[in-house]
Amino acid sequence: MKLRGFATLARTSLCVLKENGHKLTYPCVLRRCCSSDMDLIKQAKRTAACQAIDNHVKDGQALGIGSGSTIVFAIDRLAERVQEENLNVICVPTSFQSKQLLTEKGLAVSDLERTPSLDVAIDGADEVDKDLNLIKGGGAACTQEKIVASCAKYFVVIADHRKDSKVLGEQWKKGVPIEVIPMGYVPVIRAIEKKLGGKAELRMGANKAGPVVTDNGNFILDWKFDEMKDWKNVNMEISMIPGVVETGLFIDMAQRAYFGMPDGSVTFREKLTRNGTPESDESEK
């Protein structure tokens with residue numbers, strides 16, 4: 001794998017990518033926030049995001065760009081590369097947030113009507129298990145995120161080390177987000193709890209009166225489960241309930257996940273084919 005340093009503003013350091021149990025060290029630059037070092041979590045998010053952008057983005061691509069705090073760093077790095085290398089890329093955002101960030105950076109923005117086939121989608125996650133199954137939707141954008149990811153030939157996840165788990169629910173305790181039609185949220189809650197147990201709650205706004213409303217005008221439920229599940233079947237069961245728009249369970253969708261570590265290194269996990277080889281991404285350098 002060809003590794004790239006990501007030039008930004010401040011001090012040179014050493015970044016480490018762990019591959020097949022080995023550490024590969026290369027020079028990179030870590031930004032400073034105000035006049036002090038970034039906190040470890042932000043640093044971890046940045047290093048994971050930069051590594052994914054550097055490994056998977058090339059000229060002429062159509063990209064799916066996700067939502068959330070880690071994606072901010074990915075968009076920053078993408079904008080740097082576009083300016084430095086004169087890349088011609090088109091970005092399909094998954095939310096108003098990512099569309100606004102892309103526009104502010106002067107990046108070309110499209111949608112799935114004009115650009116229905118994507119080369120690579122890059123997005124964050126609330127939790128990633130050992131099989132690259134994901135919980136997403138903490139930012140209430142899981143429906144659009146899943147649609148965009150499904151349109152990509154290769155789906156890459158970026159996160160800090162806190163999101164890396166053996167099983168879903170090991171570290172993420174806020175439940176599985178489920179987007180629902182507003183008029184049906186009570187029957188959906190009752191059906192989920194009857195079929196699957198646990199506790200489903202309507203997500204309320206933090207800085208507004210009333211529930212969180214998605215970009216699609218719907219509500220979000222957070223279903224807190226109490227034991228390990230067969231997530232493929234759970235996803236299907238929830239999706240079949242009338243009133244459910246989409247779940248935040250991304251099952252068998254991601255090909256690779258990058259995790260930024262507190263020491264500045266980046267580790268990754270990737271999906272393997274039946275013969276034990278990684279699923280390939282033709283765009284990877």
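About 650 Å³ of space lies in the largest pocket of this structure. Of the 33 residues that line this pocket, G68, D126, G137, G138 and G139 are the closest to its centre. Helix 2 (69-85) and strand 10 (152-160) are the elements that give two or more residues to its lining. By class, this lining has eight nonpolar, twelve polar and 13 charged residues.

Before we go on, note that this is a predicted model, in which local features need pLDDT of at least 70 and side-chain atom pairs count only at pLDDT 80 or more, while totals for chains, interfaces and linings use all residues. Residues are numbered from 1 along each chain as its sequence is written, and side-chain values use heavy atoms, with hydrogens and water left out.

What counts as a pocket? On a 1 Å grid over the protein atoms alone, a pocket is an open set of points with protein on both sides within 12 Å along at least five of seven lines, a cavity is a set where a 1.4 Å probe fits but cannot get out, and lining residues have an atom within 4 Å of a point.

Now look at the second largest pocket, with a volume of about 200 Å³. Among the residues lining this pocket are V92, P93, K99, Q144, I147 and V148. Strand 6 (90-93) and helix 4 each supply at least two residues of this lining, and the largest share, three residues, comes from helix 4. Its lining residues divide into six nonpolar, three polar and three charged.

The structure holds two cavities of 30 Å³ or more, and the second largest cavity has a volume of about 30 Å³. Its lining includes G64, I65, D123, E145 and V148. Strand 5 (62-65), strand 7 (118-123) and helix 4 (142-150) each supply at least two of the lining residues.

I181, M183 and V245 form a nonpolar patch on the surface, with about 300 Å² of accessible area together. V245 sits in strand 14 (residues 244-247). M204 and L221 are 17 residues apart in sequence and 9.2 Å apart in space, C-alpha to C-alpha.

Technical notes:
Patches are made of residues with over 30% relative accessible area and no salt bridge: like charges are joined within 9 Å, nonpolar side chains (Val, Leu, Ile, Met, Phe, Trp, Tyr) within 5 Å. Accessible areas come from the Shrake-Rupley method with a 1.4 Å probe; for residues, only the protein chains shown count as cover. A salt bridge is a side-chain nitrogen of Lys or Arg within 4 Å of a carboxyl oxygen of Asp or Glu. Helices (H or I, at least four residues) and strands (E, at least two) are DSSP runs, numbered from the N terminus. Grid points are joined across faces, edges and corners, and a volume is the space filled by probe spheres set on the points. Ala, Val, Leu, Ile, Met, Phe, Trp, Tyr, Cys and Pro count as nonpolar, Asp, Glu, Lys and Arg as charged, and the others, Gly among them, as polar.
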